[in-house]
Amino acid sequence: RAAADAGDTTALDGLARKRGDHEGAERLARAAADAGDTTALDGLARKRGDHEGAERLARAAADAGDTTALDDLAQVREQAGDHESAERLARAAAGTGDASMLFDLMRKREQAGDHESAERLARAAADAGDALGLRELGWNRKQAFDYEGAERFARAAVDAGDTSALHDLAQVREQAGDHEGAERLARAAADTGDISVLDDLAWKREQAGDYEGAERLYQAIADTGDTTVLRELARVREQAGDHEGAERFAQAAVDAGLGYVLYDLTQMREQAGDHESAERLARAAADTGHTSALRDLARKRDQAGDHESAERLARAAADTGDATALYDLAMRRVQEGKGGRWADLVRFGLEADGSAAGPW
């Protein structure tokens with residue numbers, strides 16, 4: 001005991017394990033626990049053959065801050081089919097701040113098809129501060145296409161303080177066809193800092209051809225201060241046929257330092273066959289420092305056989321300081337057997353005026 005008072009409980013642990021009488025062993029184990037070492041209490045709880053004694057020792061360890069024995073006993077009782085005792089022990093552990101056993105039992109009951117018990121345990125875990133079980137049950141119901149049950153559990157999780165369940169709830173409403181409800185919940189989730197569900201819903205609306213709905217949701221993201229969503233807004237406007245609106249959003253993106261949005265728009269116009277507009281946007285992108293749009297257009301025009309346009313675009317990129325496209329074009333011409341200025345450009349590079357340099 002003197003050693004334990006000095007911080008060394010080894011002797012007390014050893015004596016507790018060796019004592020043949022339960023009363024003496026328990027007294028020594030409690031003394032060790034009072035000194036901060038619950039190892040002996042845990043060990044005795046596992047060895048006790050009588051349920052009452054084992055549970056008493058496990059609770060004593062939990063009172064000292066160690067719920068391991070309670071969790072272990074709950075597992076043993078559950079495996080033995082004594083579900084009532086298992087639940088009682090799990091609740092005792094949760095009362096000391098450890099709701100993990102309630103969650104484990106919830107999963108076992110759910111897998112066994114005892115949904116009523118699973119729900120009771122999930123709610124008990126939520127009462128102890130862990131709403132993950134409710135969210136998981138909601139997910140299980142959604143997977144089973146039980147949208148009503150999924151929503152009930154998601155709402156219960158939200159009520160328990162788990163605002164991330166708003167994401168799940170919005171998804172359930174969307175799948176059930178309640179787009180207005182889904183949007184309302186997504187906005188509520190965004191108010192808590194989670195904009196991912198707004199993004200998910202917007203993408204779904206866009207894929208379904210509801211560009212107006214998609215834009216409204218993307219705009220809600222922009223309203224939170226996230227400027228990266230301007231890329232999606234420009235794309236949606238372009239897909240809806242509002243080219244002017246698309247360029248307006250693209251310009252807003254440029255103003256926010258996102259010049260690559262002009263590159264995206266350039267690609268869309270080129271694919272749609274609007275070559276003149278694509279070239280204009282590529283030059284605007286180059287002015288922001290994103291010369292890759294001009295490079296890519298030059299390559300595509302050359303591959304399509306429009307060599308004049310390809311050279312014009314490559315030279316435009318070179319004028320901004322990026323001669324990569326022009327060098328690539330020169331290499332292709334040389335490989336095609338064309339020499340002259342192309343061969344000179346490959347060998348000697350460019351003059352300041354953009355012409356091929358001569359030999360020294």
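Me: Happy to look at this one together. Which helix does Thr266 lie in?

Reply: Thr266 lies in helix 18. Bear in mind that this is a predicted model.

Me: What makes Thr266 count as buried?

Reply: Its relative accessibility is 0%, and buried means under 20%, so Thr266 counts as buried. Beyond its neighbours within four places in sequence, Thr266 is in contact with Ala278, Leu281, Ala282, Ala293 and Leu297.

Me: Leu262 lies in helix 18, residues 260-271. Why is Leu262 called buried?

Reply: The value here is 5% relative accessibility. The cut-off is under 20%, so Leu262 counts as buried too. Setting aside neighbours within four places in sequence, its contacts are Ala250, Val254, Leu281, Ala284, Ala285 and Thr288.

Me: How far apart are the C-alpha atoms of Leu262 and Gln251?

Reply: They are separated by 7.6 Å, with the two residues 11 apart along the chain.

Me: Good. Which residues of helix 11 are buried, and what covers them?

Reply: Gly149, Ala150, Glu151, Phe153, Ala154, Ala156 and Ala157 are the buried ones. The cover includes helix 9, helix 10 and helix 12 (165-175). After helix 11 comes Gly161, with a positive phi near 100°.

Me: At what angle do helix 9 and helix 10 pack?

Reply: Helix 9 (residues 115-127) and helix 10 (residues 132-143) pack at about 145°, and their axes are 8 Å apart. Helix 9 brings His115, Ala118, Glu119, Ala122, Arg123 and Ala126 to the contact, while helix 10 brings Gly133, Leu134, Leu137 and Arg141. By class, that makes five nonpolar, two polar and three charged residues.

Me: Which residues touch the most other members of the largest nonpolar core?

Reply: Leu198, Tyr218 and Leu294 do, in a core of 52 residues. Apart from neighbours within four places in sequence, Leu198 is in contact with Ala186, Arg187, Ala190, Leu217, Ala220 and Ile221. There is also a second, separate core of 22 residues, including Met101, Ala131, Leu137 and Ala157.

Me: What tends to happen to nonpolar side chains in soluble globular proteins?

Reply: They tend to be buried together.

Key
Residues are numbered from 1 along each chain as its sequence is written. This is a predicted model: local features need pLDDT of at least 70, side-chain atom pairs count only at pLDDT 80 or more; totals for chains, interfaces and linings use all residues. Side-chain values use heavy atoms; hydrogens and water are left out. A nonpolar core is a set of buried Ala, Val, Leu, Ile, Met, Phe, Trp, Tyr and Cys residues joined through side-chain atoms within 4.5 Å. Buried means under 20% relative accessible area, exposed over 50%, partly exposed in between (1.4 Å probe, protein chains only). Contact means heavy atoms within 4.5 Å. Axes are lines fitted to C-alpha atoms, for helices over the stretch in contact, and angles run from 0 to 180 degrees between N-to-C directions. Helices (H or I, at least four residues) and strands (E, at least two) are DSSP runs, numbered from the N terminus. Ala, Val, Leu, Ile, Met, Phe, Trp, Tyr, Cys and Pro count as nonpolar, Asp, Glu, Lys and Arg as charged, and the others, Gly among them, as polar.
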